Amino acid sequence: MIIRLNVQGDIRESYVPAMTHSSVALYILREAVFWFGIRFLYALMQSPFLVLVSLDVIIAIILYYSFRRLQLPSYAYLSIFSFFPTILAMQNILRQWVAIVIVIFAISYISSHRKKLVTFFVGIFSHNS
């Protein structure tokens with residue numbers, strides 16, 4: 001919550017303005033899941049703070065569900081949020097953090113090839129690199 005109340009760097013310069021723009025540049029289309037996702041959330045909530053917090057909550061729930069499906073120990077979930085690169089990712093490289101969590105979600109569907117493949121591509125279109 002504290003991070004989202006005082007947005008700085010890339011979040012303030014790139015992500016927040018992108019929520020209100022309606023342009024459809026190639027840059028936006030390459031990572032359409034993320035960019036159109038935050039635009040959709042902004043259209044519903046009309047607040048960059050609420051969009052960022054709700055995105056954090058959604059990502060936390062997806063990560064928790066993925067860890068449960070992978071049968072990781074309960075401390076793994078808490079340890080990922082105390083890991084320094086994760087904290088930096090939530091502050092600076094939000095698209096990559098979202099894509100990583102979606103790919104972890106795809107990996108948790110090891111037994112279901114179709115769901116894993118679809119989720120994997122959603123992760124790619126969240127952050128193409």
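**Exercise 1.** What pattern does the protein chain follow when read along the sequence?

*Solution.* The model examined here is predicted. Begin by counting the elements: the secondary structure comprises nine helices and zero strands. Then read these elements along the sequence, which gives the pattern α-α-α-α-α-α-α-α-α.

**Exercise 2.** Determine which element of the chain has the lowest mean pLDDT and which has the highest.

*Solution.* Consider the chain as a whole: its average pLDDT is 80, and 84% of the residues score at least 70. Next, turn to the individual elements. Helix 9, residues 113-124, has the lowest mean value, 69, whereas helix 5, residues 48-69, has the highest, 90.

**Exercise 3.** Decide whether R39 and S74 are buried or exposed.

*Solution.* First, locate the residues: R39 is found in helix 4, residues 32-45, and S74 lies in helix 6. Second, apply the cut-offs, by which buried means under 20% relative accessible area and exposed means over 50%. R39 has a relative accessibility of 12% and therefore counts as buried. S74 has 68% and therefore counts as exposed. Third, identify the surroundings of R39. Leaving aside residues up to four places away in sequence, R39 touches A18, M19, H21, S22, S23 and I28. For the chain as a whole, 36% of the 129 residues count as buried.

**Exercise 4.** Describe how helix 6 and helix 7 meet.

*Solution.* Start with the geometry: the axes of helix 6 (residues 74-82) and helix 7 come within 5 Å and cross at roughly 65°. Continue with the residues involved. From helix 6, I80, F81 and S82 take part; from helix 7, the partners are F84, T86, I87 and M90. Finally, classify these residues: five are nonpolar, two are polar and none is charged.

**Exercise 5.** Which residues of helix 7 are buried, and why can they be said to line one face of the helix?

*Solution.* Helix 7 spans residues 84-91, and its buried residues are T86, A89 and M90. Viewed down the helix axis, these buried residues fall within an arc of 95°, so they line one face of helix 7.

**Exercise 6.** State what percentage of the contacts between residues at least 6 apart in sequence join residues at least 24 apart, and what percentage of the accessible surface belongs to carbon and sulfur atoms.

*Solution.* For the contacts, the value is 56%. For the surface, the total is about 7,900 Å², of which 68% belongs to carbon and sulfur atoms.

How values were computed:
Residues numbered from 1 in each chain as written. Predicted model: local features only at pLDDT ≥ 70, side-chain atom pairs only at ≥ 80, totals over all residues. Heavy atoms only, no water. pLDDT = per-residue confidence, 0-100. Helix = DSSP H or I, 4+ residues; strand = E, 2+ residues; numbered from the N terminus. Buried < 20%, exposed > 50% of the residue type's maximum accessible area, 1.4 Å probe, protein only. Arc of directions from axis to C-beta. Contact = heavy atoms within 4.5 Å. Areas by Shrake-Rupley, 256 points an atom, 1.4 Å probe, with all protein chains shown as cover. Axes fitted to C-alpha atoms, helices over the stretch in contact; angles between N-to-C directions. Nonpolar A, V, L, I, M, F, W, Y, C, P; charged D, E, K, R; others polar.
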